[in-house]
Amino acid sequence: MKYYAETHEWVEIVDGIATVGITEFAAEELGDLTYVEMPAIGAVFEAGAVFGSVESVKAASDIYAPLAGKVCEINDALETNPEVLNEAAEGEGWICRFSDVDQSGLSKLMSREDYLKSIGK
Amino acid sequence: MPFIANTEAERQEMLAAIGCSDLEELWGKAAAPKPTSDFATLPEGRSELEVARHLTHLAGKNATDLVCFLGMGYYDHFIPAAVGEIIGRPGFYTAYTPYQAEASQGTLQAIFEWQSAICRLTGMSVANASMYDGGTAVFEAMAMAMRVTRRRHVVVAAGLSPIFRNILKCYSDSQDCEITDIVLGDDDDRSGQEKVLAAVTDKTACAIVQYPNAFGAVEDWTKTIAAVKKAGTLAVCATYPTALAVLKTPGDMGFDIVVGEGQPLGMPLSFGGPYLGFMCTDMKLMRRMPGRIVGQAQDSSGRTGYVLTMQAREQHIRRSGAMSNICSNENLCALTALVYMTLLGRQGLVEVAELCMDKARYALAKLTSIKGVRRIGSQPFFNEFVLELPKDADEVAGRLVEKGYAAGFPLGRYYPGRQNQILVSVTEKRTQEEINGFANAMEAVLWS
Amino acid sequence: MELIFKLGAPGRRGVTLPKCDVPRHSDNDLPATLRRSAPAGLPEVSELEAVRHFTLLSRQNMGVDTHFYPLGSCTMKYNPKINERLSALPGFTDQHPLLPQLPEGGALCQGSLEALYETERLLSDLMGFAETTLQPMAGANGELTAIMMFAAYHKSRGDEQRRIMLIPDAAHGTNPASAVMAGFECREIPSDDEGDVDLEGLQAMLGPEVAGIMLTCPNTLGFFDHNVVKVIEMVHQAGALAYCDGANFNAIVGRVRPGDLGFDAMHVNVHKTFSTPHGGGGPGAGPVGVCERLVPFLPKSRVVKDADGTYRLEYNYPQSIGYIAPFYGNFSVLLRTYVYLLMCGREGFRRISENAVLNANYLRERLAPYYEQKYQRSCMHECVLSASRQSAKGVRALDIAKALLDVGFHAPTVYFPLIVPEALMIEPTETESKATIDAFCEAMIAIAKAVETDPDSVKRSPQTMPIGRMDEVAAARNPVLASL
């Protein structure tokens, strides 16, 4: 079950591991992505901290950790093929995974329905 | 004469089209304030002929016949006539930043060629389109290293140009950083490699060295840089491009970022500018490099062209998150350097460098054969060296100006303990006759 | 075109040098470990091949000398040739910058020092400031210099808690980038429906942590903010300083002096307002004028004139922010500025701004029926249109820009300012005639009509340039940034 942040990231927790990415809406707004800057494995972030960025030809955007945690995996495919993120932002285009997640932060996030409402869909 | 195109009749037509009876009414509609000054202190405009007379008169008040042995990063090199002709082509100098790539392939391809040429010269793999000058390029390299490593400590080797060091201080005062300067004795011409290494910790973002250094010394940094990088610290080299025609490249020594002053590559000395900062790095650091970058691209017919690329690093996209605030740079100067390197070419630049070395050694021998004059230090050198004189170097330099020689730069101005020392620089333009004359004049000033 | 590295032949030379007239140095003079292993891979071409290559490249550029170039906020006015000739006099180009730092060295450079001093005086008078530094090497460098002076000023008064810089949402990207480089944090001030700074919004943001505000005046929408004097008063009341980004100075030069409005510092872009060439992206210069209270913080050195009429460099300024440039500024660019200042004079500048404003309003009037304008008010020296009507038909500002190239006009600035959707920012300048402006308007009108009847034709442009639209996404995903 995905949760959404105001800043257009999504998070899904399975067996204590949180998978994070940016939303389809954000990916569309950015256009064809040219580069995804991912954090180092082992890096620790607080909720709301910048943990990476996404770039297209004409725009760049910081991405913010929806929940506090420690990076345990990054999506290597995005290093060579950032277009995967455009194709499946909320699926195969996930950016990284966190362990040691502070799940209390979920109360500050939105459901998919609420997120879609917030962006006027 | 302010080059205004419209005639009075045309102005009236245009005012009528806008529905204004006169210009004041238009100003009112545009919410512009009434004139805030009568500009009484501004003179009336003059004709081209009068202004030409005035500037020619001013130029005549400048001394241009001194034989030049001044250097310290800015050198009197030979500039082929074709350089000025080429950069004076209207397509180059009356164009602006290549925002519309299809209408700017001249500028874009030229920048790509410049990037390529400076990489080939420095032994690095990617360069930007230019920075303002060597000194600000050193600062930008430091800022880049701090971004990449997320560290705040910087080590600066002895022998970084005092001019660059002043610029570094000015801009770094606004940054949250801590700089350790390595200082050796006043009798030394070296950069202090062991001390640099000793000062590097796991909190050091970069070590900044100059090669050849401000005293002219050429040192092999390869081993030291390898050790510096083990701490996760980046190695920054400020260099003299002409010297790289014959010297081991900073790329081969393992430097991460190479910067420098490009003026020696075809720009006149021009009393301070415009000059040319260059910055090169490796592909793995490219995304953190400031400045414009041109890349190759294809159109839908498969034709190869050039575009501004990696723009997400720059201020017009990242704004407060940009790598730097730089927008306009020194584009025409980068083109100048490219044209110079093309006209001299692979062999020609080597020849320039070897002539510099020959003449500098000849000058050193002649000058140190004068009683009381000795060289400071004993490092290998390219075309610059420091002499210790038996008298105050300022006084000697002043007297040599009277004899027609810009003898070199008295170092006491920037190094308080080196009051009797002078930095002498010799380029391919100095003839044997000029060097002999200089030595004779020096001897006369010191001993007669 | 082929890269220069692909031309020529091994051993070919462009230029020859004199034979060495002193003994050659021995091969082991430098240790082998310090010698380059092979010469750098620079081109091996004849002078003719070089001249041909670069001349042909230069013809692949649009420039002011050949095309109407209405880039908004860039002030692409004509570059007078007398500027080029006089700045190239050997008396100016052949002097080493260290000469005046030699003992009695000032005597060797009186002509250049006088030129710098006079240029500084004239610019101070035009901008309405006490003193000006000529050292910033570009507009953004000028912004940074001024903001560093703001920081030094506040620090000198023990006001180091002032860490915020207020910047309008429509500002040029260099403004926040410069503020950050100077150690500040940026906050955005909103604009109101007329494109002016929102006064209520501003008031809410002013407080003891605010160091200053950066305003472009006239603003990036091409308007003179109705409330600019009030804004500056509010800022001063809160103990902060007001900076004027003078990129658009061409609109008011010779009529309004930002110093008179209350601004504390301002930069100008000499490659915009003062006719120095754009060079494909520089070199330019960004002189900064400052009010009396900021004078102590100006960068070193400064040119002073003694009672006997001689000029010299002075370095004794204990509160100076230090050395922002290696020497005295981009000197030969400043010389061109000086020539232009002398040629235009008082009347000249007054006429420049009024003609620049007239040309832009005329253009705006002719295009109003065909292109949306977010703000219905007279503009100053540039007008911002929107291609929003056309984008409803799938044709965007970018497409219109490319279509203009096909009919021999350089495009205006597109997608700036960010607050206007599909923005087209058009600045004709005073050096363009009504006939040229009419031709441009006719082209824009023809494109607007083509959007109605055959939008694909616009989307396919440019068709007549040496190259078509390139795949910038692929170029960024797989960058090829040098030929090595």
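In helix H8 (residues 162-172) of chain B, the buried residues are B:Ile163, B:Phe164, B:Arg165, B:Ile167, B:Leu168, B:Cys170 and B:Tyr171. Here a residue is buried if 20 or more other C-beta atoms lie within 10 Å of its own, exposed if 12 or fewer, and partly exposed in between, with C-beta atoms placed from the backbone. Helices (H or I, at least four residues) and strands (E, at least two) are DSSP runs, numbered from the N terminus. The cover over the buried residues of H8(B) includes helix H7 (134-149), strand S3 (153-156) and S6 of chain B.

Keep in mind that this is a predicted model, where local features need pLDDT of at least 70 and side-chain atom pairs count only at pLDDT 80 or more, while totals for chains, interfaces and linings use all residues. Residues are numbered from 1 along each chain as its sequence is written, and chains are lettered from A and ligands numbered from 1 in the order in which they are written.

Now for the strands of chain B. Strand S7 (residues 257-261) of chain B has five of its five residues buried, so it is largely enclosed by the rest of the structure. B:Ile257, B:Val259 and B:Glu261 point one way from S7(B), and B:Val258 and B:Gly260 point the other way. Strands count as paired if DSSP finds at least two bridges between them. In S7(B), B:Ile257 is the bridge partner of B:Val236, and in S8(B), B:Gly277 is the bridge partner of B:Glu261.

| Strand pair | Sense | Bridges |
|---|---|---|
| S6 (residues 234-239) of chain B and S7(B) | parallel | four |
| S7(B) and S8 (residues 277-281) of chain B | antiparallel | five |
| S3 (residues 17-22) and S9 (residues 96-99) of chain A | antiparallel | three |

That last pair belongs to chain A, which has an open sheet of six strands in the order S1-S2-S3-S9-S8-S5, with antiparallel pairing. Strand S1 (2-4) and strand S5 (44-45) of chain A sit at the edges with a single partner strand each, so one side of each is left without a neighbour in the sheet. Within the sheet, A:Thr19 stands opposite A:Arg97 in S9(A).

On to the cores. A nonpolar core is a set of buried Ala, Val, Leu, Ile, Met, Phe, Trp, Tyr and Cys residues joined through C-beta atoms within 7 Å. The largest has 327 residues, and those touching the most other members are B:Met142, B:Ala145, B:Ala207, B:Ile208, B:Val236, C:Ile147 and C:Met149. Helix H13 (residues 331-368) of chain B gives the most to this core, with 22 residues. A second, separate core of 30 residues includes A:Tyr3, A:Ile63, A:Ala89 and A:Cys96.

Finally, contacts, where two residues count if their C-beta atoms, placed from the backbone, lie within 7 Å. Between chains C and B, 174 residues of chain C are in contact with 165 residues of chain B. Helix H10 (residues 331-367) of chain C supplies the largest share of the chain C side, 20 residues. By class, that side has 96 nonpolar, 49 polar and 29 charged residues. Ala, Val, Leu, Ile, Met, Phe, Trp, Tyr, Cys and Pro count as nonpolar, Asp, Glu, Lys and Arg as charged, and the others, Gly among them, as polar. The contact between chains A and C takes five residues from chain A and four residues from chain C.
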